[in-house]
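Let's walk through this model together, one feature at a time. Have the sequence and the 3D view open as you read.

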Amino acid sequence: MARFQEAAGKVSWTGLLVLAHFSYLLVGATIFQILEREAEINNRHHFQLEKLNFLANYTCLDGPALERFVQVILDAWERGVNPSGNSTNPSNWDFSSSFFFAGTVVTTIGYGNLSPSTVTGQVFCVFYALCGIPLNLVFLNQLGKCLTIHLGRLERGLLSLVPHKQSVEVLAVGLFVASGSLLFLVIPPLLFSYVEGWSYGEGFYYTFITLSTIGFGDYVVGTDPDKHYITVYRSLAGVWIIFALAWLALVLSMGSKLMESAMVLTRPGLRKQQAELEDGSSSGKLEEELGQRPAQSNI
């Protein structure tokens with residue numbers, strides 16, 4: 001009976017998580033549809049009206065010819081060529097831009113505004129990602145450990161001033177999150193707004209979409225053909241992404257641990273399940289170690 005109740009508790013908790021997850025997706029889909037559908041319809045109508053006006057002003061063109069030209073523009077955009085401006089636009093594959101692209105590959109951001117167009121480049125990108133993504137995860141993990149060490153030093157320094165351990169831990173984490181937010185989430189949008197001509201809201205949107213590795217590609221630094229960027233601009237942006245991802249990963253890890261602690265407090269049965277899993281893991285390791293040891297003679 002006790003096992004049945006425990007199994008029912010597990011099923012109910014899993015079912016609740018599934019229900020919460022898909023409910024969150026449904027709510028998000030509904031809100032996005034309400035916010036964006038009307039704007040899409042207006043943009044579509046505006047584009048069709050502009051095409052009709054263009055055909056009316058240039059009678060030498062017909063509808064199919066215009067559609068072919070629009071397709072040429074779309075193909076150029078998909079290949080990373082900005083249709084505006086002329087052939088003197090900055091290259092998408094200079095070293096700085098290539099370094100930035102390599103960073104978006106290994107971090108799985110994938111803006112989508114630029115991709116290899118040659119077969120050899122596509123094949124190399126596949127193998128480069130296969131090796132680079134695990135390497136990047138190991139690097140971010142190690143960088144997160146270094147940040148954890150600095151956080152521990154900060155806690156020990158504050159502990160010498162404030163003798164209350166729990167208060168010091170909360171204060172140290174608060175300072176760590178606040179300083180990281182200022183360095184990686186607040187100041188960069190100001191710089192991007194100044195360089196790219198975006199509003200602060202657009203800069204902050206780009207920052208979060210990038211660091212969350214969503215990477216829509218609607219805003220990407222260093223892509224305006226009318227602006228002259230310094231050579232290392234996109235490379236510096238790539239370095240910022242790497243360190244900001246390490247900080248954000250550590251913050252999200254702290255958040256997940258807090259959520260797990262909260263679930264354990266609200267559902268005492270989870271504490272028992274975790275203890276059983278840990279005991280099973282420990283006993284499994286012990287049995288494995290004993291199995292690897294040579295048998296001792298009783299003589």
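Residues 233-255 are 100% helix and 0% strand, with end C-alpha atoms 32 Å apart. Over residues 203-221, by contrast, the chain is 47% helix and 0% strand, and the end C-alpha atoms lie 10 Å apart. Helices here are DSSP runs (H or I, at least four residues), strands are runs of E of at least two, and both are numbered from the N terminus. An unreviewed UniProt entry lists both stretches as "transmembrane region", along with 12-35 and 170-191; such annotations may be inferred rather than shown by experiment.

A word on the model: it is predicted, so local features need pLDDT of at least 70 and side-chain atom pairs pLDDT 80 or more, while totals for chains, interfaces and linings use all residues. Residues are numbered from 1 along each chain as its sequence is written, and side-chain values use heavy atoms, without hydrogens or water.

Next, turn to the second largest pocket, which holds about 360 Å³. A pocket is an open set of points on a 1 Å grid over the protein atoms alone, where a 1.4 Å probe fits, with protein on both sides within 12 Å along at least five of seven lines; lining residues have an atom within 4 Å of a point. The volume is the space filled by probe spheres set on the points, which are joined across faces, edges and corners. α4 (119-159), α5 (165-196) and α7 (233-266) each give two or more residues to this lining, and α7 has the largest share, eight residues. Among the lining residues are Thr-148, Val-173, Met-254 and Lys-257.
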